[in-house]
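This report walks through selected local features of one protein chain, and it is meant to be read with the structure open alongside.

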Amino acid sequence: MNEKNSAKAGELSGKEAAPGGEADAVNAAEEAADRAEARADTTPADQAEKGADEVGPNSGGSEPTRDQADPADQADRADKTLVAMPPVSRQDSAQPTADAVSEPDEGQADAATGGSEAAGEPHEDGAASSTPPSDEQPEQREQREEREEQPGEEGKQQPEADAPKSPEAPAKPDPVTAPASVGGPDANPESAPDPQPTPDPDPDPARKPPTPSWAARRESDSERTSEFVALKPDLPRPTSPRPVTPTPGPSSSGEKPGAGSGDSDRTREFTAPSRADNDRTMALTRPPAPSAAAPATSSGTGDAAGPPPPLDLLAQLTNTPPKAETVGRTVARRIKILGTLVALLAVVLVAVQALRPLPTPTLKLTGKSSHTADGGALSLPWPTEGQAVVDIDGLGRMGSYGEMKPLPIGSVAKVMTAYLILRDHPLKAGDKGPSMPVDQKAVDDYTNGVAQKESVVEVKAGQQISELEALQAVMLPSANNVARLLARWDASTEEAFIKKMNDTAKELGMTNTTYTDASGLIESTVSTAEDQVKLAKRAMTNPVFRQIAKLPSYQSTTTSGGNTLETARTQYNFNKLVPLNGVVGIKTGSTTKAGGNLVFAAETTVGDSKQLIIGAVFGQHKTPIITTATAASKGLILAADKALRSETVVKKGEVVGQVDDGLGGTVPVVAAKDLTVPVWSGASVALKLTDDGKPLPHSANAGTEVGMLTVGSGAGEAKVPVTLKDDLSEPSFGAKLTRLG
């Protein structure tokens, strides 16, 4: 189309729109909205077919001459598709400017100039697109087509604005009337110009009325125009709709309808190609739908211009609403949560149970706990008066005679004195120990003792006497004065030492014993044969005490070497049984009130073991009293030695107990060899199964030694090792999990 026809088309368009400006603007808005909906519902293929039907001889585009186009350009343009031009604002299309109505010459000149500029703007492929007025009436369209078909118009030379002045510097497209770039194989969608021109601001904002309510109405179906859709798959996507600016009504000052600024009198028109191309069809620009007609939804579902963006569409497909809350779903969710917690607690419990330290295995006796020897009760040669007791140390009592009531015991009390000195001032074998000074009290007790016919040893004030010699003086010649000297040396006073004697008696279970002096001379010091046997067993466990008790004599360093018993260098043991018949002690004691008393100890061999016979004979008043007590004691020692015999209590391989791992697992243990025990007729002995002070293993092979089977204690103790009958293994994993303790 040339400048002349473009100006005439603009003048007619402005004149037709002026009388009914408001109605035409409303119709234009509705028509644009309907076109947008139709475009959204129409596939690209349908739009392309529709666009092809609308292109024809009466489409309004001027047909360029074939002579003016080169073959390469014709081939390129033949592949191009039709692109829609965005319309100008509703104010530009529906309301002509006042200058266009009042001064048609200027309006025609402006329109011609605008058409020339629009026609001269090239696209990326070198062709310009034409844009017919969107509001052109049928009568105006027919007149325009007749003018275009006149033969003289084609041969006219195009104005200088139809093409760019040089290929290097194309003319800048008008922001309102410039056509959109035609997409092609080499077209860059990002470099295409923005098809949405910015409307010029109103020169007089005070005269601009508010947006009328009818501006939101949409075009009717009868006014909706056809549009072309690109057939090429690489065309840029249609632009989003522009907001529609309502056309203000006539002002109160008498302005004619359609009057406005210079930008508002521009009308949309067809742009002619810069070069002739008979094979190319003209594209009708597609105005976007008004934004008021199809606003975008808040959920991102898109608008009438096309489908929603891919991310919004993906959100619609994946973001499904939650299901309705029901009792069943609530219960299932709670069960799932509780199940998870229970599973977690179970895992923690399993880990704790599996990693807990294993309990220490224990050894238990499952066999017989005692053994009774064959035969009836043993008969021994008991004395005819007083009290008597015979025990086998560690095995039990062989027998007793008389009523065990407290009696004066005389010098037998010195056993407690010697025991306490060695307990609190222990000595090693062959060691004499510390020396103690002889005080005047010890000298006075010696002098008085000689006068009273007591058992004493000569000492002088200022002498030094060793602990060992002092104990020998007390235990062998039974020196009363030295016993009191030891008490003062140990506890500072005799009274303090006597208290220690009574406290120790209670500790040993000597319930019928009372001490009132360290020597036993006072008749208020009383005890029984049974209590003194308890003390004798404990004292004989001390090797130094036992060594002193079995001495027949010792050499004194304090005596003058006289001819009397008290002054002789060699001091003899009053127990005449030592060292005969295996007697190893321990102490005699006699007074007029107490009679003759003797606590004895004798060793004897039974089988492979050495046994200790301990006994006591008290209250013998037949004179000589000490000889009578000694004879009675000798008879009991010989009879006990004859009554003892060996007997097998447990045989080798016999199950005697088991190892308990603490978690329910047990392994039996057996005796590694025969257990032979000294017994006497009718005797009953106890059996014990111990670990012998060694920790038991959690796992071991069969035959491993794990403890001892023991009979008796002390000197009479007999024992054999025990071994595992089967392999001992650690507790199973299930046993570890189910343990409670």
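A residue is called buried here when its relative accessible area is under 20%, exposed when that value is over 50%, and partly exposed in between. The model is predicted, and the values below should be read with that in mind.

**Two serines with positive phi**

By that cut-off Ser478 is buried, because its relative accessible area is 1%. Ser478 sits in the loop that runs between helix H14 (467-475) and helix H15 (480-491), and its phi is near 60°, a positive value in a residue other than glycine. Ser492 also has a positive phi, near 75°, and is found in the loop between H15 and helix H16 (494-507). Ser492, however, is exposed, with a relative accessible area of 60%.

**Cis peptide bonds**

A cis peptide bond with omega of about 0° joins Val578 and Pro579, and Pro579 belongs to the loop between strand S10 (570-572) and strand S11 (583-591). Another cis peptide bond leads from Gly585 to Ile586, with omega near 5°; Ile586 is placed in strand S11.

**The open sheet**

Seven strands, in the order S1-S15-S16-S20-S19-S18-S2, make up an open sheet with antiparallel pairing. Strand S1 (362-365) and strand S2 (370-372) stand at its edges, and because each has a single partner strand, one side of each is left without a neighbour in the sheet. Neighbouring strands of this sheet are turned by 30° against each other on average, direction ignored. Within the sheet, strand S15 (residues 655-660) pairs with strand S16 (residues 666-671) in the antiparallel sense over 5 bridges, and Asp660 has Thr666 as its bridge partner in S16.

**Helix H11 and the annotated segment**

Helix H11 spans residues 327-355 and contains Val331. Together with Val327 and Ile335, Val331 forms a nonpolar patch on the surface, with about 300 Å² of accessible area for the three residues together. Val331 itself is partly exposed, at a relative accessible area of 42%. An unreviewed UniProt entry carries the annotation "transmembrane region" for residues 337-355. In the model, the chain over residues 337-355 is 100% helix and 0% strand, with its end C-alpha atoms 27 Å apart.

**Salt bridges**

| Salt bridge | N to O distance |
|---|---|
| Arg333 and Glu325 | 2.9 Å |
| Asp391 and Arg397 | 3.1 Å |
| Lys441 and Asp445 | 2.9 Å |

Arg333, at 41% relative accessibility, counts as partly exposed. Lys441 and Asp445 both lie in helix H13 (residues 440-451), where they are 4 residues apart, about one turn of the helix. Lys441 is partly exposed at 36% relative accessibility, while Asp445, at 8%, counts as buried. Salt bridges that share partners also join Asp391, Arg397, Glu530 and Lys537 into one network.

Notes. Residues numbered from 1 in each chain as written. Predicted model: local features only at pLDDT ≥ 70, side-chain atom pairs only at ≥ 80, totals over all residues. Heavy atoms only, no water. Patch = residues over 30% accessible without salt bridge, like charges linked within 9 Å, V, L, I, M, F, W, Y side chains within 5 Å. Areas by Shrake-Rupley, 256 points an atom, 1.4 Å probe, with all protein chains shown as cover. Salt bridge = Lys/Arg side-chain N within 4 Å of Asp/Glu carboxyl O. Buried < 20%, exposed > 50% of the residue type's maximum accessible area, 1.4 Å probe, protein only. UniProt positions renumbered as here; feature names shortened; annotations may be inferred. Pairing = 2+ DSSP bridges. Axes fitted to C-alpha atoms, helices over the stretch in contact; angles between N-to-C directions.
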